[in-house]
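User: Hello! I am new to this structure and would like to learn about its pockets and its helix packing. Could you walk me through them?

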Amino acid sequence: LHDVAAHLVGVPEDILAGRMEGVTTEAWTQAQVDRHLDQSLADLADVWEHHIESFDAMLPHIPAPVNSQLVMDAVTHEHDIRHALGAPGARDSSAVRVGLGWLLDAAGDESGLATRLRGSGLDDFDLLRVLSGRRSPEQIARLGLDADAVLPLFIGKPLTPPDISIEE
């Protein structure tokens, strides 16, 4: 929970400070976690409060699709935290739809996979969790998707499905 909170605080903090080298990489995220390692969740909330007004003012100037990518990251981690706390909810939010839209657009549609995923009959939340690397190949298949077609979407990306099922 602490590491996710440190990352969520670290993203706007790094954007405001211009620390964008390696953005979206594991090293960039790890630097955020390391920077806040000795801070409590209450301390992280204070850091968030300190930066949020400046970041909020910047948000309308962040162009698409980067703004949607920020939403995807935040909503993905929101549901990571909800899962960790056993507090599901907000599965039909506009943030889920925006995050899923960004993931489907990022997947491209040369093979028609994004179109097939959109028409799969799965709800937006389940597709978001699949495409954000929160479902194992076995879970992807149980949802009725072709895991062999979906898994190549993760090659070379920081979102990687777990080998074993970690949430339902």
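Analyst: What follows is a set of questions and answers on pockets and helix contacts. This is a predicted model, in which local features need pLDDT of at least 70, side-chain atom pairs count only at pLDDT 80 or more, and totals for chains, interfaces and linings use all residues. Residues are numbered from 1 along each chain as its sequence is written, and side-chain values use heavy atoms, with hydrogens and water left out.

User: How much space lies in the largest pocket?

Analyst: On a 1 Å grid over the protein atoms alone, a pocket is an open set of points where a 1.4 Å probe fits, with protein on both sides within 12 Å along at least five of seven lines. Grid points are joined across faces, edges and corners, and the volume is the space filled by probe spheres set on the points. For the largest pocket this comes to about 970 Å³.

User: Which residues are the closest to the centre of the largest pocket?

Analyst: Lining residues have an atom within 4 Å of a point. The largest pocket has 37 of them, and the closest to its centre are Thr24, Asp73, His77, Pro158 and Leu159.

User: Which element gives the largest share of the lining of the largest pocket?

Analyst: Helices here are DSSP runs (H or I, at least four residues), numbered from the N terminus. Those that give two or more residues to this lining are helix 1 (2-17), helix 2 (26-35), helix 4 (66-85) and helix 5 (94-107). The largest share, 8 residues, comes from helix 4.

User: Is helix 1 roughly parallel or roughly antiparallel to helix 4?

Analyst: Axes are lines fitted to C-alpha atoms over the stretch in contact, and angles run from 0 to 180 degrees between N-to-C directions. Helix 1 and helix 4 pack at about 160°, with their axes 10 Å apart. Angles under 35 degrees count as roughly parallel, over 145 as roughly antiparallel, 65 to 115 as roughly perpendicular and the rest as oblique. Helix 1 and helix 4 are therefore roughly antiparallel.

User: Which residues of helix 4 make the contact with helix 1?

Analyst: Contact means heavy atoms within 4.5 Å. Helix 1 brings Val4, His7, Leu8, Val11 and Ile15 to the contact. From helix 4 come Leu70, Asp73, Ala74, His77 and Ile81.

User: Why is helix 4 oblique to helix 5?

Analyst: Helix 4 and helix 5 have axes 8 Å apart. Helix 4 is oblique to helix 5 because of the angle at which they pack, about 120°.

User: What classes make up the contact of helix 1 with helix 3?

Analyst: The axes of helix 1 and helix 3 (41-58) come within 9 Å and cross at roughly 35°. Residues that meet there include Ala5, Val9 and Leu16 in helix 1 and Leu44, Trp48 and Phe55 in helix 3. By class, the contact has 13 nonpolar, 3 polar and 1 charged.

Terms used
Nonpolar A, V, L, I, M, F, W, Y, C, P; charged D, E, K, R; others polar.
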